[in-house]
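Thanks for coming, everyone. Please have the sequence and the 3D view open while I talk.

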Amino acid sequence: MFRLEVTWVTTQRELAEARRRYGAESFERSILRRGPEDGFAVLLRVGGELVCRLYVHRPAHVDDDATAMLGHELMHCLAGAYHR
């Protein structure tokens, strides 16, 4: 069980800053890179609680790219690095 926190971002810079804050590998260096970075997820312990923090663009429509990215990033908290 974990608590979910979502931060809506508007720029690539915000995503890069979130990655740096958590010491995550730069997406630009990832071999899986296929386009611009659209989201970031981190699962961490805050006090005695697990927290899933998502940094994603706010969806504008049902089933748009941002909605898919929201689900994609949530899956990282549920399943880890599942798209290897």
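Start with the aromatic cluster: Tyr-22, Phe-40 and Tyr-55 belong to it. Keep in mind that this is a predicted model. The structure holds three aromatic pairs. I will take two of them.

How do we describe such a pair? We give the distance between the ring centres and the angle between the planes. Take Tyr-22 and Tyr-55. Their ring centres are 6.3 Å apart and their planes meet at 50°, so this pair is tilted. To be called stacked, the planes would have to be under 30 degrees apart, and for edge-to-face over 60.

Tyr-22 is in helix α1, residues 12-22, and Tyr-55 is in strand β3, residues 49-57, so the pair ties together parts 33 residues apart in sequence. Tyr-22 is partly exposed, at 27% relative accessibility. Tyr-55 is buried, with a relative accessible area of 8%.

Tyr-55 has another partner, Phe-40. That pair is tilted too, with 6.1 Å from centre to centre and 35° between the planes. Phe-40 lies in strand β2, residues 39-46, while Tyr-55 is in strand β3, and the two are 15 residues apart. Is Phe-40 buried or exposed? Its relative accessibility is 4%, so Phe-40 counts as buried.

Next, the strands. Which way do β1 and β3 run? They are parallel, and seven bridges join them. Find Val-9: the residue opposite is His-57 in β3.

Now β2 and β3. These two pair in the antiparallel sense, over eight bridges. Ala-41 stands opposite Leu-54 in β3. Val-46 stands opposite Glu-49 in β3. β2 and β3 form a hairpin, with two residues between them. Look at Gly-47 in that turn: its phi is positive, about 65°.

Here is a general point on phi. Most residues other than glycine have a negative value. Where is Asp-63? Look in the loop between β3 and α2. Asp-63 is exposed, with a relative accessible area of 67%.

On to the disulfide. The structure holds one. Remember that a disulfide is a covalent bond between the sulfur atoms of two cysteines. Here the partners are Cys-52 and Cys-77, with 2.1 Å from S to S. Which hand does it have? The torsion about the S-S bond is about 85°, so the disulfide is right-handed. Cys-52 is in strand β3, Cys-77 is in helix α2, residues 65-79, and they are 25 residues apart. Cys-52 is buried, with a relative accessible area of 0%. Cys-77 is buried as well, at 8% relative accessibility.

Now the charges. How many salt bridges are there? The count is four. I will walk through three of them.

Begin with Glu-5 and Arg-3. Their closest N and O atoms are 2.4 Å apart. Glu-5 is partly exposed, at 24% relative accessibility. Arg-3 is also partly exposed, with a relative accessible area of 33%.

Arg-3 has a salt bridge with Glu-49 too, at 3.1 Å from N to O. Glu-49 is in strand β3 and Arg-3 is in strand β1, 46 residues apart. At 36% relative accessibility, Glu-49 is partly exposed.

Then comes Arg-53, which forms a salt bridge with Glu-5, with 2.7 Å between the closest N and O atoms. Arg-53 lies in strand β3 and Glu-5 in strand β1, so this pair ties together parts 48 residues apart in sequence.

Shared partners join Arg-3, Glu-5, Glu-49 and Arg-53 into one network.

Leu-4, Val-6 and Trp-8 make a nonpolar patch of about 240 Å². Leu-4 is in strand β1, residues 3-9. Leu-4 is partly exposed, with a relative accessible area of 43%. A general rule is handy here: in a regular strand, side chains alternate between the two faces of the sheet.

Let me end with strand β3. Tyr-55 is there, paired with Tyr-22 of helix α1. Cys-52 is there, linked to Cys-77 in helix α2. Arg-53 is there, bridged to Glu-5 in strand β1.

Note on methods
Residues are numbered from 1 along each chain as its sequence is written. This is a predicted model: local features need pLDDT of at least 70, side-chain atom pairs count only at pLDDT 80 or more; totals for chains, interfaces and linings use all residues. Side-chain values use heavy atoms; hydrogens and water are left out. Rings of Phe, Tyr and Trp (its six-membered ring) pair if their centres lie within 6.5 Å; planes under 30 degrees apart count as stacked, over 60 as edge-to-face and the rest as tilted. Helices (H or I, at least four residues) and strands (E, at least two) are DSSP runs, numbered from the N terminus. Buried means under 20% relative accessible area, exposed over 50%, partly exposed in between (1.4 Å probe, protein chains only). Patches are made of residues with over 30% relative accessible area and no salt bridge: like charges are joined within 9 Å, nonpolar side chains (Val, Leu, Ile, Met, Phe, Trp, Tyr) within 5 Å. Accessible areas come from the Shrake-Rupley method with a 1.4 Å probe; for residues, only the protein chains shown count as cover. A salt bridge is a side-chain nitrogen of Lys or Arg within 4 Å of a carboxyl oxygen of Asp or Glu. A disulfide is a pair of cysteine sulfur atoms within 2.5 Å. Two strands pair if DSSP finds at least two bridges between them.
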